[in-house]
Amino acid sequence: MSRKKTVKGKAASSSPSAGSPSGKGAGKAARSSPGIVQMNGVVHPSRPSISNSSEFYDIAFKVMLVGDSGVGKTCLLVRFKDGAFLAGSFISTVGIDFRNKVLSIDGVKVKLQIWDTAGQERFRSVTHAYYRDAHGETLQHTCLYQHAWLTEIHEYAQQDVVLMLLGNKADSTHDRVVKREDGERLAKEFGVPFMETSARSGLNVELAFTAVAKELKHRSMKDPNEKFKLQEYVNKEMKGAGCCRT
Ligand SMILES: Nc1nc2c(ncn2[C@@H]2O[C@H](COP(=O)(O)OP(=O)(O)OP(=O)(O)O)[C@@H](O)[C@H]2O)c(=O)[nH]1
Ligand SMILES: [Mg+2]
């Protein structure tokens, strides 16, 4: 199989240890990501950004993180990409940003281009424009609004998009808003896989993205000898909130 090279955008090269990853901030500075430049939250067409860091891959997919503001989308992405937790004050994402990560799935290099969207209502029209090309989506939920998010995905995303519902902040009874049973019930209602995650402890973060990558790879390669059931895989691999998987 021929290998392609991935070029990361500027967003992928920023350091989380700086405390303010790309995609966060007051929106004063211009930053670039593929095809867009964000300036004070306004999106303008542009050329793709150039970076000297690259990695080979076989297939690529676009995954979007969507959900209410403050549920931990950016922290989940930073945990997955860099293995770090963004402690400190909450800085809401302005517009949209992305990071690339290449996973090795059953010997195939799968590149996930993960888009971190802004949960704030005022950026919703920006997010809508990105749904169309997304192959996978993960949702984080704080409350009953998930019905609205799922409805929105059905309206704007491709019909066969891979969905995963995540209940983040499983490490903290204080910070979490939704009980596990409620998350499970909602996921069942919509027929999507569900798992609890924690960007702080790392619980199930790798698993969430790997499961989506496996499902996408399985669908795209259509290997009749390979059987993969997303929900079964998640149920088998998932760790409880009491555990410490990172
Ligand atoms: N306890 C705990 N706190 C978390 C976790 N994930 C994120 N947080 C905290 O929740 C706050 C919001 O996290 P973000 O990742 O910035 O939230 P977001 O969903 O990206 O928000 P928007 O960019 O506004 O859409 C921050 O103060 C984080 O430190 C987690 O797993 N556990
Ligand atoms: Mg954010």
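**Confidence, magnesium site and cores**

Me: What is the mean pLDDT of the protein chain?
Reply: In this predicted model, the mean pLDDT (the predictor's confidence in each residue, from 0 to 100) is 74 for the protein chain, and 70% of its residues reach 70 or more. Over residues 7–53 the pLDDT is below 50, although that stretch has 100 contacts (heavy atoms within 4.5 Å) beyond near neighbours in sequence. Where pLDDT is low, the predicted coordinates should not be read in detail.

Me: And what coordinates the magnesium ion?
Reply: The magnesium ion (ligand 2) is coordinated by Thr74 (OG1) and Thr93 (OG1), at 2.1 Å; donors are N, O and S atoms within 2.8 Å of the metal (3.2 Å for Na, K and Ca), and water is not among the atoms, so the site may look incomplete.

Me: Is Thr74 buried or exposed?
Reply: Thr74 is buried, at a relative accessible area of 10%, where buried means under 20%, exposed over 50% and partly exposed in between (1.4 Å probe, protein chains only). Thr93 is also buried, at 6%.

Me: Switching topic, which residues touch the most other members of the largest nonpolar core?
Reply: They are Val110, Leu112, Ile114 and Met164, out of 33 residues; such a core is a set of buried Ala, Val, Leu, Ile, Met, Phe, Trp, Tyr and Cys residues joined through side-chain atoms within 4.5 Å.

Me: What does Leu112 touch?
Reply: Leaving out residues up to four places away in sequence, its contacts include Phe61, Val63, Phe209 and Leu216.

How values were computed
Residues are numbered from 1 along each chain as its sequence is written. Chains are lettered from A and ligands numbered from 1 in the order in which they are written. This is a predicted model: local features need pLDDT of at least 70, side-chain atom pairs count only at pLDDT 80 or more; totals for chains, interfaces and linings use all residues. Side-chain values use heavy atoms; hydrogens and water are left out.
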